[in-house]
Amino acid sequence: MSAWSFLLEHRGEILGTTAEHLVLVLVAMIIAILIGVPLGLLIVHRPALRAIALGIANIFQTIPSLALFGFLIPIPFIGGIGKRTAIVALVLYALLPILRNTYVGLTEIDPAVLESAEAMGMTRSQILFRVRLPLAGAFILAGVRTATIISIGVATIAAAIGAGGLGTFIFRGVALVSNGLLLAGAIPAALLALLADFLLGLVERRLRVT
Amino acid sequence: MHSPALRANGNSIEFQNVSFRPSGERPREIVSDITLTVASGETLALLGRSGSGKTSLLKLINGLLTPSKGKILIKQKATTEWDPIRLRRGIGYVIQEAGLFPHFTVAENVGLVPTLERWPRPRIEERVAEMLQLVGLAPEEFAKRRPRQLSGGQRQRVGVARALAADPPILLLDEPFGALDPVTRAELQREFGALARQLRKTIVFVTHDLREALLLASHIVLLQSGRIVASAPRDEFLQLEHAEVRAFAASLLNQAGEPA
(Lines give C-alpha, C1' and ligand atoms only; values in the text may rest on other atoms or scores of the structure.)
Protein backbone atom coordinates (compact mmCIF):
# COMPACT_ATOMS: atom_id res chain seq x y z
CA MET A 1 0.00 0.00 0.00
CA SER A 2 1.46 3.39 -0.97
CA ALA A 3 1.99 6.02 1.70
CA TRP A 4 -0.48 8.31 -0.08
CA SER A 5 -3.39 5.90 -0.02
CA PHE A 6 -2.54 5.08 3.62
CA LEU A 7 -2.90 8.76 4.49
CA LEU A 8 -6.19 9.06 2.62
CA GLU A 9 -7.61 5.96 4.21
CA HIS A 10 -6.73 7.04 7.73
CA ARG A 11 -7.49 10.74 7.35
CA GLY A 12 -10.15 10.71 10.06
CA GLU A 13 -7.76 9.20 12.58
CA ILE A 14 -4.96 11.59 11.51
CA LEU A 15 -7.23 14.59 11.92
CA GLY A 16 -8.31 13.40 15.36
CA THR A 17 -4.71 12.91 16.47
CA THR A 18 -3.74 16.32 15.06
CA ALA A 19 -6.53 17.84 17.16
CA GLU A 20 -5.24 15.96 20.20
CA HIS A 21 -1.76 17.30 19.52
CA LEU A 22 -3.08 20.84 19.17
CA VAL A 23 -5.03 20.63 22.44
CA LEU A 24 -1.87 19.49 24.23
CA VAL A 25 0.02 22.51 22.87
CA LEU A 26 -2.83 24.99 23.48
CA VAL A 27 -3.36 23.95 27.10
CA ALA A 28 0.38 24.19 27.75
CA MET A 29 0.62 27.60 26.05
CA ILE A 30 -2.30 29.05 28.01
CA ILE A 31 -0.74 27.93 31.29
CA ALA A 32 2.70 29.18 30.21
CA ILE A 33 1.28 32.62 29.29
CA LEU A 34 -0.64 32.82 32.56
CA ILE A 35 2.59 32.16 34.45
CA GLY A 36 5.15 33.81 32.16
CA VAL A 37 3.55 37.22 31.56
CA PRO A 38 2.75 38.06 35.21
CA LEU A 39 6.15 36.74 36.25
CA GLY A 40 7.73 38.91 33.54
CA LEU A 41 5.92 41.93 35.00
CA LEU A 42 7.08 41.01 38.46
CA ILE A 43 10.78 40.74 37.62
CA VAL A 44 11.07 44.11 35.85
CA HIS A 45 11.80 45.96 39.09
CA ARG A 46 13.25 43.04 41.07
CA PRO A 47 16.76 42.22 39.84
CA ALA A 48 17.33 39.42 42.37
CA LEU A 49 14.10 37.63 41.47
CA ARG A 50 14.85 38.27 37.79
CA ALA A 51 18.17 36.42 37.94
CA ILE A 52 16.54 33.47 39.71
CA ALA A 53 13.48 33.26 37.44
CA LEU A 54 15.40 33.59 34.17
CA GLY A 55 18.06 31.19 35.46
CA ILE A 56 15.56 28.48 36.34
CA ALA A 57 13.62 28.93 33.09
CA ASN A 58 16.90 28.69 31.23
CA ILE A 59 17.77 25.40 32.97
CA PHE A 60 14.42 23.84 31.97
CA GLN A 61 14.93 24.95 28.40
CA THR A 62 18.42 23.45 28.28
CA ILE A 63 17.49 19.98 29.60
CA PRO A 64 16.85 17.59 26.66
CA SER A 65 13.14 16.90 26.34
CA LEU A 66 13.27 13.15 26.89
CA ALA A 67 15.44 13.69 29.95
CA LEU A 68 12.93 16.25 31.28
CA PHE A 69 10.15 13.67 30.87
CA GLY A 70 12.38 11.24 32.73
CA PHE A 71 12.69 13.68 35.61
CA LEU A 72 8.98 14.47 35.73
CA ILE A 73 7.49 10.98 35.57
CA PRO A 74 8.64 9.92 39.09
CA ILE A 75 7.29 13.13 40.71
CA PRO A 76 4.02 12.46 42.54
CA PHE A 77 0.85 14.35 41.47
CA ILE A 78 2.35 16.10 38.44
CA GLY A 79 4.25 13.09 37.08
CA GLY A 80 3.26 9.69 35.85
CA ILE A 81 2.61 8.41 32.37
CA GLY A 82 0.26 10.47 30.20
CA LYS A 83 -0.92 13.89 29.15
CA ARG A 84 -0.44 15.65 32.47
CA THR A 85 3.30 15.10 32.57
CA ALA A 86 3.56 16.13 28.92
CA ILE A 87 1.73 19.40 29.57
CA VAL A 88 3.95 20.19 32.56
CA ALA A 89 7.03 19.62 30.41
CA LEU A 90 5.66 21.77 27.58
CA VAL A 91 4.91 24.58 30.05
CA LEU A 92 8.45 24.43 31.42
CA TYR A 93 9.84 24.65 27.88
CA ALA A 94 7.56 27.51 26.89
CA LEU A 95 8.33 29.56 29.98
CA LEU A 96 11.72 30.97 29.03
CA PRO A 97 10.80 32.61 25.69
CA ILE A 98 7.60 34.11 27.14
CA LEU A 99 9.22 35.28 30.36
CA ARG A 100 12.27 36.73 28.64
CA ASN A 101 10.31 38.51 25.93
CA THR A 102 7.80 39.96 28.41
CA TYR A 103 10.68 41.30 30.47
CA VAL A 104 12.53 42.73 27.46
CA GLY A 105 9.34 44.21 25.98
CA LEU A 106 8.53 46.00 29.23
CA THR A 107 12.05 47.35 29.73
CA GLU A 108 12.18 48.63 26.12
CA ILE A 109 9.40 51.14 26.83
CA ASP A 110 10.60 54.76 26.75
CA PRO A 111 10.73 55.94 30.40
CA ALA A 112 9.37 59.34 29.29
CA VAL A 113 6.17 57.60 28.17
CA LEU A 114 5.71 55.96 31.56
CA GLU A 115 6.49 59.22 33.34
CA SER A 116 3.84 61.00 31.25
CA ALA A 117 1.31 58.28 31.97
CA GLU A 118 1.86 58.63 35.69
CA ALA A 119 1.95 62.43 35.58
CA MET A 120 -1.35 62.53 33.69
CA GLY A 121 -3.08 60.73 36.52
CA MET A 122 -3.38 57.22 35.11
CA THR A 123 -3.85 54.60 37.80
CA ARG A 124 -1.43 51.68 38.08
CA SER A 125 -3.82 49.31 36.35
CA GLN A 126 -4.55 51.84 33.60
CA ILE A 127 -0.81 52.21 33.00
CA LEU A 128 -0.46 48.42 32.91
CA PHE A 129 -3.34 47.63 30.56
CA ARG A 130 -3.39 50.73 28.38
CA VAL A 131 0.32 51.53 28.14
CA ARG A 132 2.77 48.85 29.28
CA LEU A 133 1.15 45.67 27.97
CA PRO A 134 0.13 47.18 24.59
CA LEU A 135 3.63 48.60 24.10
CA ALA A 136 5.26 45.30 25.06
CA GLY A 137 2.63 43.34 23.09
CA ALA A 138 4.68 42.62 19.96
CA PHE A 139 7.62 41.39 22.08
CA ILE A 140 5.39 39.18 24.22
CA LEU A 141 3.75 37.72 21.14
CA ALA A 142 7.12 37.00 19.57
CA GLY A 143 7.91 35.00 22.70
CA VAL A 144 4.59 33.16 22.49
CA ARG A 145 5.34 32.38 18.84
CA THR A 146 8.73 30.86 19.64
CA ALA A 147 7.26 28.96 22.58
CA THR A 148 4.39 27.59 20.48
CA ILE A 149 6.73 26.27 17.80
CA ILE A 150 8.96 24.63 20.42
CA SER A 151 5.88 23.10 22.06
CA ILE A 152 4.59 21.63 18.81
CA GLY A 153 7.96 19.95 18.38
CA VAL A 154 8.36 18.73 21.95
CA ALA A 155 4.75 17.47 21.95
CA THR A 156 5.63 14.96 19.21
CA ILE A 157 8.19 13.43 21.58
CA ALA A 158 5.58 13.37 24.37
CA ALA A 159 4.01 10.37 22.62
CA ALA A 160 6.91 8.38 24.09
CA ILE A 161 5.41 8.83 27.56
CA GLY A 162 1.88 8.03 26.47
CA ALA A 163 0.61 11.56 25.98
CA GLY A 164 -0.82 10.81 22.54
CA GLY A 165 -0.55 13.30 19.69
CA LEU A 166 1.16 13.05 16.33
CA GLY A 167 4.30 11.50 17.77
CA THR A 168 2.30 8.30 18.24
CA PHE A 169 2.27 7.76 14.46
CA ILE A 170 5.96 8.55 14.13
CA PHE A 171 7.08 6.17 16.87
CA ARG A 172 4.83 3.44 15.51
CA GLY A 173 6.09 4.14 11.99
CA VAL A 174 9.67 3.69 13.13
CA ALA A 175 8.83 0.42 14.93
CA LEU A 176 6.86 -1.02 11.99
CA VAL A 177 9.08 0.51 9.27
CA SER A 178 5.99 2.07 7.71
CA ASN A 179 6.43 5.21 5.61
CA GLY A 180 2.69 5.78 5.70
CA LEU A 181 2.64 5.90 9.49
CA LEU A 182 5.76 8.07 9.64
CA LEU A 183 4.29 10.63 7.24
CA ALA A 184 0.92 10.52 8.99
CA GLY A 185 2.72 11.97 12.00
CA ALA A 186 5.42 14.05 10.32
CA ILE A 187 3.37 15.95 7.75
CA PRO A 188 0.66 17.29 10.10
CA ALA A 189 3.28 18.13 12.76
CA ALA A 190 5.33 20.11 10.25
CA LEU A 191 2.25 21.86 8.85
CA LEU A 192 1.05 22.70 12.34
CA ALA A 193 4.37 24.35 13.20
CA LEU A 194 4.51 26.31 9.94
CA LEU A 195 0.91 27.43 10.26
CA ALA A 196 1.36 28.53 13.88
CA ASP A 197 4.49 30.44 12.91
CA PHE A 198 2.68 32.18 10.06
CA LEU A 199 -0.49 33.08 11.97
CA LEU A 200 1.26 34.28 15.12
CA GLY A 201 3.64 36.25 12.90
CA LEU A 202 0.63 38.05 11.44
CA VAL A 203 -0.68 38.91 14.90
CA GLU A 204 2.77 40.03 16.00
CA ARG A 205 3.01 42.45 13.08
CA ARG A 206 -0.40 43.88 13.94
CA LEU A 207 0.70 44.51 17.53
CA ARG A 208 3.89 46.23 16.50
CA VAL A 209 3.70 49.95 17.13
CA THR A 210 4.13 51.73 13.81
CA MET B 1 1.08 90.04 36.77
CA HIS B 2 0.28 89.74 40.46
CA SER B 3 -3.16 91.29 40.37
CA PRO B 4 -5.49 90.34 43.24
CA ALA B 5 -8.02 88.92 40.77
CA LEU B 6 -5.50 86.33 39.69
CA ARG B 7 -4.57 85.38 43.24
CA ALA B 8 -8.19 85.07 44.25
CA ASN B 9 -9.05 81.86 42.38
CA GLY B 10 -6.62 79.99 44.57
CA ASN B 11 -4.63 77.91 42.10
CA SER B 12 -1.39 78.68 43.88
CA ILE B 13 1.58 76.44 44.61
CA GLU B 14 3.36 76.85 47.93
CA PHE B 15 6.61 75.17 48.99
CA GLN B 16 7.17 75.28 52.77
CA ASN B 17 10.72 74.32 53.78
CA VAL B 18 10.76 71.44 51.33
CA SER B 19 13.67 69.03 51.13
CA PHE B 20 13.88 65.93 49.03
CA ARG B 21 16.29 63.07 49.48
CA PRO B 22 15.82 60.05 47.22
CA SER B 23 15.45 56.70 48.92
CA GLY B 24 18.20 54.17 48.30
CA GLU B 25 21.96 54.20 48.16
CA ARG B 26 22.74 57.87 47.61
CA PRO B 27 21.68 59.75 50.73
CA ARG B 28 22.47 63.20 49.24
CA GLU B 29 19.67 65.77 49.32
CA ILE B 30 18.64 66.81 45.82
CA VAL B 31 16.36 69.59 47.01
CA SER B 32 17.17 71.48 50.20
CA ASP B 33 14.89 73.68 52.28
CA ILE B 34 12.92 75.31 49.50
CA THR B 35 10.33 77.92 50.44
CA LEU B 36 8.58 79.42 47.49
CA THR B 37 5.14 80.63 46.41
CA VAL B 38 3.80 80.59 42.88
CA ALA B 39 0.72 82.78 42.81
CA SER B 40 -2.36 81.94 40.78
CA GLY B 41 -1.88 82.84 37.15
CA GLU B 42 1.83 83.44 37.53
CA THR B 43 4.45 81.92 35.21
CA LEU B 44 7.50 80.83 37.16
CA ALA B 45 10.79 79.73 35.60
CA LEU B 46 12.98 77.32 37.55
CA LEU B 47 16.40 78.05 36.14
CA GLY B 48 19.54 76.07 36.84
CA ARG B 49 22.29 73.85 35.48
CA SER B 50 21.90 70.11 35.08
CA GLY B 51 21.70 68.47 38.50
CA SER B 52 20.57 71.64 40.27
CA GLY B 53 17.36 69.91 41.39
CA LYS B 54 14.94 71.81 39.17
CA THR B 55 13.26 68.74 37.66
CA SER B 56 12.86 67.19 41.13
CA LEU B 57 11.19 70.40 42.29
CA LEU B 58 8.72 70.08 39.43
CA LYS B 59 7.98 66.43 40.21
CA LEU B 60 7.34 67.30 43.85
CA ILE B 61 4.44 69.50 42.70
CA ASN B 62 2.43 66.71 41.06
CA GLY B 63 3.43 64.09 43.57
CA LEU B 64 5.72 62.07 41.31
CA LEU B 65 8.14 62.63 44.20
CA THR B 66 7.28 62.98 47.88
CA PRO B 67 9.14 65.51 50.05
CA SER B 68 11.29 64.05 52.79
CA LYS B 69 10.87 67.28 54.78
CA GLY B 70 8.37 70.15 54.65
CA LYS B 71 5.25 70.27 52.49
CA ILE B 72 3.88 71.56 49.24
CA LEU B 73 0.43 73.09 49.18
CA ILE B 74 -1.55 72.93 45.96
CA LYS B 75 -4.75 74.99 46.19
CA GLN B 76 -4.01 75.26 49.93
CA LYS B 77 -3.90 71.47 50.40
CA ALA B 78 -0.70 69.45 50.96
CA THR B 79 0.28 67.16 48.09
CA THR B 80 0.50 64.25 50.53
CA GLU B 81 -3.15 64.78 51.48
CA TRP B 82 -4.35 64.79 47.88
CA ASP B 83 -5.45 61.63 46.13
CA PRO B 84 -2.48 61.48 43.72
CA ILE B 85 -4.72 60.61 40.76
CA ARG B 86 -7.03 63.60 41.35
CA LEU B 87 -4.07 65.90 41.97
CA ARG B 88 -2.35 64.91 38.71
CA ARG B 89 -5.47 65.12 36.55
CA GLY B 90 -5.72 68.76 37.60
CA ILE B 91 -2.13 69.50 36.63
CA GLY B 92 -0.96 69.53 33.00
CA TYR B 93 2.50 68.08 32.43
CA VAL B 94 4.78 68.54 29.43
CA ILE B 95 8.24 67.00 29.18
CA GLN B 96 11.12 67.15 26.75
CA GLU B 97 10.51 64.94 23.69
CA ALA B 98 6.84 65.12 24.73
CA GLY B 99 6.59 61.52 26.02
CA LEU B 100 3.63 60.86 23.71
CA PHE B 101 2.10 57.39 23.69
CA PRO B 102 3.48 55.81 20.50
CA HIS B 103 0.57 53.36 20.15
CA PHE B 104 -2.07 56.11 20.31
CA THR B 105 -3.04 58.48 17.53
CA VAL B 106 -2.55 62.21 18.05
CA ALA B 107 -6.28 62.50 18.87
CA GLU B 108 -6.08 59.68 21.43
CA ASN B 109 -3.01 61.26 23.02
CA VAL B 110 -4.67 64.67 23.33
CA GLY B 111 -7.95 63.15 24.51
CA LEU B 112 -6.37 60.94 27.17
CA VAL B 113 -7.24 62.80 30.37
CA PRO B 114 -10.79 63.64 29.18
CA THR B 115 -11.18 59.92 28.35
CA LEU B 116 -9.92 58.92 31.80
CA GLU B 117 -12.36 61.44 33.24
CA ARG B 118 -15.17 59.77 31.22
CA TRP B 119 -16.25 62.77 29.23
CA PRO B 120 -18.89 61.90 26.61
CA ARG B 121 -17.34 60.94 23.25
CA PRO B 122 -18.60 63.93 21.19
CA ARG B 123 -17.31 66.36 23.81
CA ILE B 124 -13.86 64.70 23.75
CA GLU B 125 -13.71 64.92 19.94
CA GLU B 126 -14.73 68.56 20.05
CA ARG B 127 -12.14 69.31 22.72
CA VAL B 128 -9.36 67.49 20.85
CA ALA B 129 -10.07 69.49 17.69
CA GLU B 130 -10.12 72.69 19.71
CA MET B 131 -6.79 71.90 21.40
CA LEU B 132 -5.06 70.94 18.15
CA GLN B 133 -6.22 74.20 16.62
CA LEU B 134 -4.93 76.05 19.67
CA VAL B 135 -1.40 74.68 19.21
CA GLY B 136 -1.46 75.33 15.48
CA LEU B 137 -2.09 71.83 14.11
CA ALA B 138 -4.99 71.35 11.68
CA PRO B 139 -7.16 68.61 13.26
CA GLU B 140 -8.23 67.06 9.94
CA GLU B 141 -4.58 66.67 8.96
CA PHE B 142 -3.06 65.52 12.27
CA ALA B 143 -5.73 63.84 14.43
CA LYS B 144 -5.30 60.36 12.93
CA ARG B 145 -1.49 60.37 12.76
CA ARG B 146 0.83 58.50 15.09
CA PRO B 147 3.52 60.37 17.06
CA ARG B 148 6.33 58.91 14.96
CA GLN B 149 4.81 60.47 11.86
CA LEU B 150 5.37 63.94 13.34
CA SER B 151 8.38 66.25 13.47
CA GLY B 152 9.93 67.12 16.84
CA GLY B 153 8.18 70.49 16.89
CA GLN B 154 4.81 68.93 16.04
CA ARG B 155 5.24 66.32 18.77
CA GLN B 156 5.94 69.06 21.28
CA ARG B 157 2.80 70.91 20.16
CA VAL B 158 0.79 67.72 20.68
CA GLY B 159 2.39 67.42 24.12
CA VAL B 160 1.17 70.90 25.03
CA ALA B 161 -2.31 70.18 23.59
CA ARG B 162 -2.48 66.97 25.64
CA ALA B 163 -1.50 68.78 28.83
CA LEU B 164 -4.19 71.43 28.27
CA ALA B 165 -7.01 69.13 27.17
CA ALA B 166 -8.82 68.75 30.49
CA ASP B 167 -8.30 72.47 31.19
CA PRO B 168 -6.13 72.02 34.31
CA PRO B 169 -5.57 75.25 36.29
CA ILE B 170 -1.89 74.39 36.75
CA LEU B 171 0.65 73.55 34.06
CA LEU B 172 4.14 72.08 34.58
CA LEU B 173 6.73 71.98 31.83
CA ASP B 174 10.14 70.29 32.00
CA GLU B 175 12.46 71.77 29.37
CA PRO B 176 9.58 71.60 26.92
CA PHE B 177 11.52 73.04 24.00
CA GLY B 178 14.95 71.65 24.88
CA ALA B 179 15.15 68.97 22.20
CA LEU B 180 14.18 71.21 19.29
CA ASP B 181 16.32 72.91 16.67
CA PRO B 182 16.92 76.65 17.38
CA VAL B 183 14.49 77.92 14.75
CA THR B 184 11.60 75.66 15.83
CA ARG B 185 12.41 76.35 19.46
CA ALA B 186 12.15 80.13 18.98
CA GLU B 187 8.87 79.68 17.11
CA LEU B 188 7.34 77.47 19.81
CA GLN B 189 8.59 79.70 22.62
CA ARG B 190 6.94 82.72 21.01
CA GLU B 191 3.66 80.90 20.43
CA PHE B 192 3.67 79.35 23.88
CA GLY B 193 4.27 82.77 25.45
CA ALA B 194 1.20 84.15 23.69
CA LEU B 195 -0.82 81.06 24.67
CA ALA B 196 0.23 81.31 28.31
CA ARG B 197 -0.81 84.95 28.54
CA GLN B 198 -4.17 84.08 26.98
CA LEU B 199 -4.83 81.03 29.23
CA ARG B 200 -3.86 82.64 32.56
CA LYS B 201 -2.91 79.36 34.20
CA THR B 202 -0.45 78.89 37.02
CA ILE B 203 2.63 77.76 35.11
CA VAL B 204 5.94 76.39 36.37
CA PHE B 205 8.59 75.52 33.84
CA VAL B 206 12.09 74.16 34.13
CA THR B 207 14.83 75.44 31.88
CA HIS B 208 18.60 75.87 31.70
CA ASP B 209 18.16 78.65 29.16
CA LEU B 210 18.06 82.13 30.69
CA ARG B 211 16.81 83.59 27.43
CA GLU B 212 13.80 81.27 27.55
CA ALA B 213 13.15 82.19 31.18
CA LEU B 214 13.26 85.90 30.38
CA LEU B 215 10.95 85.40 27.43
CA LEU B 216 8.24 83.37 29.13
CA ALA B 217 8.33 83.83 32.89
CA SER B 218 6.91 86.52 35.13
CA HIS B 219 9.21 85.40 37.94
CA ILE B 220 12.55 83.59 37.83
CA VAL B 221 14.02 81.35 40.52
CA LEU B 222 17.62 80.24 40.16
CA LEU B 223 18.66 76.93 41.71
CA GLN B 224 22.11 75.68 42.53
CA SER B 225 22.78 72.32 44.25
CA GLY B 226 19.15 72.02 45.29
CA ARG B 227 18.93 75.46 46.89
CA ILE B 228 17.39 78.73 45.74
CA VAL B 229 20.27 81.15 45.20
CA ALA B 230 18.31 83.92 43.51
CA SER B 231 14.67 84.83 43.03
CA ALA B 232 13.29 87.89 41.33
CA PRO B 233 10.60 89.18 39.01
CA ARG B 234 11.73 88.85 35.42
CA ASP B 235 12.54 92.54 34.95
CA GLU B 236 14.80 92.65 38.02
CA PHE B 237 16.54 89.31 37.61
CA LEU B 238 19.50 90.49 35.52
CA GLN B 239 20.35 93.16 38.10
CA LEU B 240 21.04 90.55 40.81
CA GLU B 241 24.67 90.31 41.90
CA HIS B 242 24.89 86.59 42.76
CA ALA B 243 27.77 84.82 41.02
CA GLU B 244 25.50 82.14 39.50
CA VAL B 245 23.22 84.86 38.07
CA ARG B 246 26.26 86.52 36.54
CA ALA B 247 27.34 83.16 35.09
CA PHE B 248 23.95 82.71 33.43
CA ALA B 249 23.94 86.32 32.24
CA ALA B 250 27.36 85.74 30.68
CA SER B 251 26.00 82.69 28.85
CA LEU B 252 23.29 84.95 27.48
CA LEU B 253 25.89 87.28 26.01
CA ASN B 254 27.81 84.34 24.54
CA GLN B 255 24.63 83.04 22.90
CA ALA B 256 23.85 86.43 21.44
CA GLY B 257 27.41 86.73 20.18
CA GLU B 258 27.31 83.41 18.37
CA PRO B 259 26.96 83.58 14.64
CA ALA B 260 23.42 82.61 13.63
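**Close-up 1. Helices H8(A) and H9(A) meet in chain A of this predicted model.** Start with helix H8 of chain A, which covers residues 167–176, and helix H9 of chain A, which covers residues 179–207. Their axes come within 7 Å and cross at roughly 155°. Angles over 145 degrees count as roughly antiparallel, so H8(A) and H9(A) are roughly antiparallel to each other. The crossing in which H8(A) passes H9(A) is left-handed. Which residues of H9(A) make the contact? Look for Leu181(A), Leu182(A), Ala184(A), Gly185(A) and Ala186(A). From H8(A), the contact residues include Phe169(A), Ile170(A), Arg172(A), Val174(A) and Leu176(A). Sorted by class, the contact of H8(A) with H9(A) holds eight nonpolar residues, four polar ones and one charged one.

**Close-up 2. Six strands of chain B form an open sheet.** Follow the strands across the sheet in the order E6-E7-E8-E3-E9-E10, and you will find that the pairing is mixed. As a reminder, strands of a sheet pair through backbone hydrogen bonds, either parallel or antiparallel. Which strands of chain B lie at the edges? They are E6 (91–95) and E10 (227–233), and each pairs on one side only. From one strand to the next, the twist averages 15°.

**Close-up 3. Strands E9(B) and E10(B) pair with each other.** Strand E9 of chain B spans residues 219–224. In what sense does E9(B) pair with E10(B), parallel or antiparallel? The pairing is antiparallel, and it runs over six bridges. To find your way, pick out His219(B), which stands opposite Pro233(B) in E10(B).

**Close-up 4. Chain A touches chain B.** Here 16 residues from chain A and 16 residues from chain B take part in the contact. Which elements give two or more residues to the side of chain A that touches chain B? They are helix H6 (111–119) and helix H7 (124–157) of chain A. H6(A) gives the most, with six residues. By class, this side of chain A has nine nonpolar, five polar and two charged residues.

**Close-up 5. Helix H9(B) leads to Arg200(B).** Take care with the chain letter here: this helix H9 belongs to chain B and runs over residues 182–199. How far does H9(B) reach from its first C-alpha to its last? Its 18 residues reach 25 Å, close to the 26 Å expected at 1.5 Å a residue. Arg200(B) follows H9(B), and the phi of Arg200(B) is positive, near 55°.

Technical notes
Residues are numbered from 1 along each chain as its sequence is written. Chains are lettered from A and ligands numbered from 1 in the order in which they are written. This is a predicted model: local features need pLDDT of at least 70, side-chain atom pairs count only at pLDDT 80 or more; totals for chains, interfaces and linings use all residues. Axes are lines fitted to C-alpha atoms, for helices over the stretch in contact, and angles run from 0 to 180 degrees between N-to-C directions. Helices (H or I, at least four residues) and strands (E, at least two) are DSSP runs, numbered from the N terminus. Angles under 35 degrees count as roughly parallel, over 145 as roughly antiparallel, 65 to 115 as roughly perpendicular and the rest as oblique. A crossing is left-handed if the near helix is turned anticlockwise from the far one by less than a right angle, and right-handed if clockwise. Two residues are in contact if their C-beta atoms, placed from the backbone, lie within 7 Å. Ala, Val, Leu, Ile, Met, Phe, Trp, Tyr, Cys and Pro count as nonpolar, Asp, Glu, Lys and Arg as charged, and the others, Gly among them, as polar. Two strands pair if DSSP finds at least two bridges between them. The expected span of a helix is 1.5 Å times one less than its number of residues.
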